Amino acid sequence: MARLIRTEKEVEGRYSEQWILVEEDPLEQWPAGPLDVVGRPAERIDGIERARGQAPYTADLRRPGMLHTAGLRSPYAGARVSRLNLDPARAAPGVRAVLEPDDTDVLTLDACYPGQPVAAVAADSFEQARAALAHIEIEWEVLEPLLDPDEAVRRGSLTQEARRYARGDVEAALADADVVVEAEYRTQTLLHNALETHQAVCEWRGEALEVWISTQYIWGVRDELAEHFDLPPDRVRVVCEAMGGGFGAKNGAGDYSVLAAELARRTGRPVRCALTRREENLASGNRNATIQRLTAGARSDGTLVALAGDFVNAVGWEGWLASTAGPMQMLYACENVRTVEYGAKLNTAPMAAFRAPGFVEGTFGLECLLDELAARLELDPLELRRRNHADADLVDGRPFSSKNLLECYRRGEVHWARREAVRARSEGPWRRGVGLASQTWYGGGGPPSYAWIRLGSDGRATVVTAMQDIGTGTRTAMAQIAAEELGLPLERVEVALGDSARGPFASISAGSSTTPSMGPAVRAAAADVARQLIEIAAQRYHREERVLSLQNGEIVSADGGSWPLEKVAGLLGDGQGLGKGARGPNPTGMRVLTFGVQVAEVAVDIETGEVVVERIAAVHDVGRVINPLGASSQVEGGIIQGIGHTLSEQRLLDPESGAVLTQTLDAYKVPTIADVPEIVTEFVDEPDAHLTNLGSKGLGEPPIIPTAAAIANAIRDATGADVRSLPITRAEMLRALKEAREQTYAHEAG
Amino acid sequence: MLELRVNGGVYRAGPEVGRSLAETLREELGLTGTKVACGEGHCGACTVLLDGVPTLSCITLVHTVGEQEVTTIEGLRDHPLVHAFVRADAVQCGFCTPGQIVSASALVEASPSPSPAEVRHAMAGNLCRCGTYPKIERAIAAVTGQEPEQLLRGTPRGDDGVPSAKPDA
């Protein structure tokens with residue numbers, strides 16, 4: 001029986017109290033290690049259609065009579081529209097409808113950041129819509145923008161009240177510490193730049209709305225649009241069968257969906273609203289910049305006695321305060337911790353979740369600070385981390401459902417041991433070094449999430465659930481789980497997903513939650529079908545149910561005899577085996593977290609400041625790995641994005657006007673194939689015995705978390721310079737080298 | 001009307017002057033395998049071949065194509081690279097993948113056994129935000145016969161001998 005409980009739900013470190021209907025999860029976990037299908041490398045089941053360009057992205061959808069939208073956006077960081085005349089746009093060729101701020105609350109006359117939408121035009125073609133924008137008569141009263149996060153905190157311009165956390169007595173502990181280090185770290189504003197831009201196509205059918213959208217959360221889009229247009233949620237159908245990347249920026253409906261739906265309502269036509277690449281870089285979400293003023297105190301044996309941090313998040317005009325202090329609170333067994341996080345309200349575009357929001361930034365600061373401390377203590381950085389390993393969660397005293405960070409360290413040793421050899425390869429101006437960084441993050445997923453399974457008389461199964469595969473390969477992982485439970489080869493399982501009208505509620509694809517949320521539901525549904533097949537076989541072949549099992553596409557009897565599954569299922573004729581599964585609860589009173597360590601090797605040209613990452617080894621603990629091939633791709637992708645975050649990517653603003661200077665993909669420098677080092681990936685691959693019928697946690701985010709700190713620590717190892725500001729451009733590298741030289745001179749002179 | 005030679009066939013289209021080849025392929029010919037991700041020639045997602053040469057179709061005016069043979073991903077759907085990309089897991093979200101495969105097809109045509117540096121040079125104009133690059137290198141290496149047996153390595157567990165969960169059918 002299902003139980004209704006009041007519980008804490010976590011997505012990307014944001015907790016909320018809510019009622020959840022929890023279903024039983026009676027299945028025992030499979031044994032650890034590779035099984036028949038689960039735990040073995042599998043090609044993506046939709047790989048061929050994606051590779052051939054046949055996958056149905058929102059960008060490729062063409063509805064009959066479809067109109068295209070272009071938006072007029074504020075060129076100013078702060079400005080008020082003093083005059084607006086849209087009539088010339090209404091009269092422009094091909095224009096079918098124009099929206100202004102009176103028509104919808106996603107448009108405004110008071111622009112508070114560059115790119116905030118003011119008006120929208122729908123026309124027969126995108127070119128016509130864009131051309132019509134030029135006819136709009138508009139006058140602005142330009143205001144002084146607030147762009148400096150520290151200044152915003154001083155003025156009290158905050159997006160929410162400062163978030164304070166404390167345990168123990170930091171002041172007393174610092175007074176007693178043998179060594180205290182303090183440093184200020186800065187991280188830059190980063191842009192997601194998924195290759196498919198934010199977009200939706202909306203079409204009304206009677207009083208119902210159909211939405212095709214590039215999204216990470218079909219059900220969230222459904223609920224947001226239902227509320228906006230005052231519809232029963234099931235009158236909004238949301239479809240996303242394939243999408244071209246999200247990285248956190250596509251968790252919500254966005255203004256573009258509302259504009260497309262409103263324009264479709266007014267014109268009676270399907271309407272596409274797709275951001276251009278420049279709009280994508282202007283105002284579609286970002287990983288906000290941070291300033292982190294950190295202090296660590298330790299005894300001479302390396303025991304951390306105090307950690308403190310003041311964190312300023314440059315949230316932008318609106319958004320939420322990502323947990324930049326999370327790693328400082330969670331990663332180490334430190335009794336005395338105090339953090340304050342400020343969300344600076346600025347005339348810049350709102351932040352959005354971006355692959356482990358807060359933790360990527362906070363881990364850079366914390367893990368660099370740890371290495372600065374190790375240097376002062378003359379202690380091996382890996383040993384320092386071992387000595388401060390947290391055996392239980394110090395934030396709320398709960399035990400971990402599973403934690404294999406020490407095993408990650410043990411497996412990382414072989415990579416860490418390369419540092420003498422790496423340093424010895426320094427030559428001329430090129431100095432080489434090795435650095436490491438640890439990582440923790442959420443990733444346990446949770447209820448509710450549901451899946452159905454349909455088994456046909458041909459002995460093939462289809463998983464039906466309205467989740468989305470945002471490119472991480474979760475569709476394939478679900479097929480593997482169903483195949484394993486049904487004893488079927490992978491090629492006999494299909495997955496029908498991506499349509500809120502054609503499947504049950506499924507998890508958001510954010511917070512590394514898709515596999516841990518959906519996988520157990522899929523397994524439960526498969527077990528439901530397996531039970532039905534065994535009941536049929538027991539009756540047909542006169543066996544007791546308890547002696548029958550599903551293996552290798554057959555129903556096998558322990559007392560002799562086996563029958564191909566399609567023969568048993570064939571008895572169904574037009575009938576089907578229908579299975580239903582729900583995600584069970586997370587373990588009560590436990591913290592479910594993911595862990596890992598990365599070891600980076602770099603070469604630094606101390607004359608030019610050029611930094612080359614030569615190798616990164618990653619060891620992660622995410623419970624049971626479903627598809628080792630896809631998992632290795634996730635880690636590689638996270639690391640490569642992390643390298644971009646560390647060395648090249650940066651949204652630049654004009655410091656006076658706040659205008660975004662990096663609006664194109666040649667100005668905003670994402671890594672290319674030529675920037676990729678050797679990457680070695682390894683998983684502890686130990687099922688979490690307390691977590692669901694699978695023991696799997698999520699993997700989307702952990703690999704990007706420690707990369708920047710590991711690289712910065714390797715740079716310190718190579719050069720003795722402390723880089724504390726991202727991105728580590730040549731200018732920043734040369735500044736840090738100069739500072740290190742000056743400190744050396746001062747030290748020698750003193 | 002324009003006559004375009006695409007994937008071995010001849011198509012008639014009436015694009016407005018100023019239209020790009022990418023938009024014409026996608027909007028008029030329905031060949032949506034060619035993706036437009038930036039629209040200004042910075043990312044490579046729109047790569048097609050013109051007489052075998054990789055070309056950014058989003059910044060190629062369709063009226064300049066003339067008699068050149070256009071090859072899109074639809075014309076390469078049975079190319080060994082397509083299967084190599086899937087086997088190597090060089091496909092995550094997949095939005096850049098058709099352009100990657102088109103670029104790679106020109107590379108392996110011109111240089112049957114490219115060095116790693118040649119691969120990086122030839123592929124550096126095709127951005128992948130998911131970071132499939134290591135797997136792209138592996139897929140190209142498999143097609144050029146350089147390390148086919150290593151295709152499914154990268155499997156993160158220590159025991160490289162674990163066989164694939166490929167269907168037994």
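**Entry 1: domains of chain B**

I began with the domain assignment of chain B, which gives domain 1 (2-72) and domain 2 (76-149). I note at the outset that the model is predicted. I then took the centres of the two domains of chain B over C-alpha atoms and found 21 Å between them. For the contact, I listed 15 residues of domain 1 of chain B against 12 residues of domain 2 of chain B.

I next asked which elements give two or more residues to the side of domain 1 of chain B that touches domain 2 of chain B. I found β3 (47-50) and β4 (53-56) of chain B. The largest share of that side comes from β3(B), with three residues. By class, I recorded eight nonpolar, six polar and one charged residues on the side of domain 1 of chain B that touches domain 2 of chain B.

**Entry 2: a helix pair in chain B**

I turned to helix α2 (residues 80-88) and helix α5 (residues 133-143), both of chain B, whose axes lie 8 Å apart at an angle of about 135°.

From α2(B) they are P80(B), L81(B), A84(B), F85(B), R87(B) and A88(B). Across from them, α5(B) supplies K135(B), R138(B), A139(B), A142(B) and V143(B). I sorted the residues of the contact of α2(B) with α5(B) by class and have eight nonpolar, three charged and no polar.

**Entry 3: chain B against chain A**

How many residues does each chain give to the contact? I have 53 residues from chain B and 58 residues from chain A. On the side of chain B that touches chain A, the elements with two or more residues are α2, α3 (97-110), α4 (116-123) and α5 of chain B. I note that α2 and α5 of chain B, the pair of the previous entry, are among these elements. The residues on this side of chain B divide into 28 nonpolar, 13 polar and 12 charged.

**Entry 4: domains of chain A**

I read the assignment for chain A as domain 1 (32-57 + 445-582), domain 2 (61-144 + 192-283) and domain 3 (402-443 + 588-750). I followed up domain 2 and domain 3 of chain A, whose C-alpha centres lie 37 Å apart. Their contact takes seven residues from domain 2 of chain A and 10 residues from domain 3 of chain A.

**Entry 5: helices of chain A**

I compared helix α10 (residues 359-377) with helix α18 (residues 707-719) of chain A, and the pair packs at about 30° with axes 8 Å apart. That angle makes α10(A) roughly parallel to α18(A). I logged the crossing of α10(A) and α18(A) as right-handed. The contact joins T363(A), F364(A), E367(A), C368(A) and D371(A) of α10(A) to A708(A), A709(A), A712(A), N713(A) and R716(A) of α18(A). By class, I count five nonpolar, two polar and three charged residues in the contact of α10(A) with α18(A).

Last, I checked helix α15 (residues 514-541) of chain A, which has 28 residues. From first C-alpha to last, α15(A) reaches 39 Å, close to the 40 Å expected at 1.5 Å a residue. Just after α15(A), I found H542(A) with a positive phi of about 55°.

Key
Residues numbered from 1 in each chain as written. Chains lettered and ligands numbered in written order. Predicted model: local features only at pLDDT ≥ 70, side-chain atom pairs only at ≥ 80, totals over all residues. Axes fitted to C-alpha atoms, helices over the stretch in contact; angles between N-to-C directions. Helix = DSSP H or I, 4+ residues; strand = E, 2+ residues; numbered from the N terminus. Contact = placed C-beta atoms within 7 Å. Nonpolar A, V, L, I, M, F, W, Y, C, P; charged D, E, K, R; others polar. Domains from an automatic or database assignment. Expected span 1.5 Å × (residues − 1). Parallel < 35°, antiparallel > 145°, perpendicular 65-115°, else oblique. Left-handed = near helix turned anticlockwise from the far one by under 90°.
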